Amino acid sequence: MSRHPPYLSPGLARRRRRRRRPVAAAALLLLVVIAAVLLVGHSVGKDDPAPGRRQGGDGSPLQFANGPVGAQPGPRPLAVKLDAPDRIHLRFHHPPRSGLLFDLDTGQVLWRHRPERVLPIASLTKMMTALIVVDRAPATAKVRITKEALAYKGSGVGVLPRGRRVKLETLLNGLLLPSGNDAAIALSQRISGTVRNFVAVMNARAQEMGLRCTHYTTPHGFEDAGNHSCAVDLAAEARAVLDQPRLARIVRRRRAVMPFPIKGGRIFLFNNNPLLRMGYPGTLGIKTGFTDRAGRCLVAAARRGGRRLGIVLLHSPDPGTQARKLLDRGFGV
């Protein structure tokens, strides 16, 4: 049996149509909002430079996979602010020849000791070497091991096979963790053909970054003559290293197991950073250095409570202990 719709009087029909209009308008508004959210989400995913990055104060991408950044990060390259008084007053019985404690994101200086003094920097040189390598070669590249790389002096990866091709990322870890001078030579030849050409690129990059104290003569820093910088410039380099996701991942490792063309197919590399070795909370790593003239040097960073602090110590009698004391005071401010 068929059913017919009930009869509605003209007045009742008009009242029902009026009640439907707000419901229809609300439904239309909801559809518009959903479309807008989807569009914005698509645009953010497409325009972001990379996951875990956001725009810095100068419009350039700011990497913070290694920790949250301040609300108003400083410009790139980072320029530490020497015009304000220090917020921390700490004296060491045997101070470093130069030192700096600073906010990695704003450039605020918390403590200083002759921060513009020009000094030899030993293997801190390798920070610039690494910055150039990641800019000019992909992670999938390979590097041929030359006789020049095997004639290195000082610290090294130590088992590089002559004439063989080694993964670039393995050598980059070997450069930054055990501070391999052999890795520095091999990488510089892979990027620029010769060590001399690579050093010219390093000095050009230092000039572009506005590093006024800095000059390089090698890609590894083993020879001190003419190879120097200051704490202010090294602070800017520290921030640049942590702004590179590939480097930020490497320098915070205590150790790395990397593919390598020897029996067993892998190599174990260990970080020299004293803060990582002592298990200092929130350590982001970066780089150590030592020669007789440069003494024991450290550029390091740590994260705590949404803040990132950096530290530079040149020719320190005990960089691990001094860095720990300064960072503890810095995070307590």
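A disulfide is counted where two cysteine sulfur atoms lie within 2.5 Å. The model is predicted: local features need pLDDT of at least 70, side-chain atom pairs count only at pLDDT 80 or more, and totals for chains, interfaces and linings use all residues. Residues are numbered from 1 along each chain as its sequence is written, and side-chain values use heavy atoms, with hydrogens and water left out.

**View 1. The disulfide of Cys213 and Cys230.** The rule gives a count of one disulfide. Cys213 is joined to Cys230, S to S 2.2 Å. The link is right-handed, with 75° about the S-S bond. Cys213 sits in the loop between helix H6 (195-208) and strand E8 (228-229), and Cys230 in the loop between E8 and H7, so the pair ties together parts that are 17 residues apart in sequence. Helices (H or I, at least four residues) and strands (E, at least two) are DSSP runs, numbered from the N terminus.

View 2. Strands pair if DSSP finds at least two bridges between them. The sheet is open, its order is E4-E3-E13-E12-E11, and its pairing is antiparallel. E4 (109-113) and E11 are the edge strands, each with a single partner strand, so one side of each has no neighbour in the sheet. Neighbouring strands are turned by 5° against each other on average, direction ignored. Axes are lines fitted to C-alpha atoms, for helices over the stretch in contact; angles run from 0 to 180 degrees between N-to-C directions.

**View 3. Strand E3 and its partners.** Six bridges join E3 (residues 98-103) to E13 (residues 307-316). Leu100 has Val312 as its bridge partner in E13. Four bridges join E3 to E4. Here Leu101 has Trp111 as its bridge partner in E4. The hairpin of E3 and E4 has five residues between the strands, and Gly107 takes a positive phi near 85°.

**View 4. Helix H7 on the sheet.** H7 (residues 231-242) lies across E3, E11, E12 and E13. It runs at about 135° to E13. Contact means heavy atoms within 4.5 Å.

**View 5. The largest pocket.** On a 1 Å grid over the protein atoms alone, a pocket is an open set of points where a 1.4 Å probe fits, with protein on both sides within 12 Å along at least five of seven lines; lining residues have an atom within 4 Å of a point. The lining has 19 residues, with Ser179, Asn272, Thr288, Gly289 and Phe290 nearest the centre. E11 (283-291) and E12 (295-304) are the elements giving two or more residues. E11 gives the largest share, four residues.
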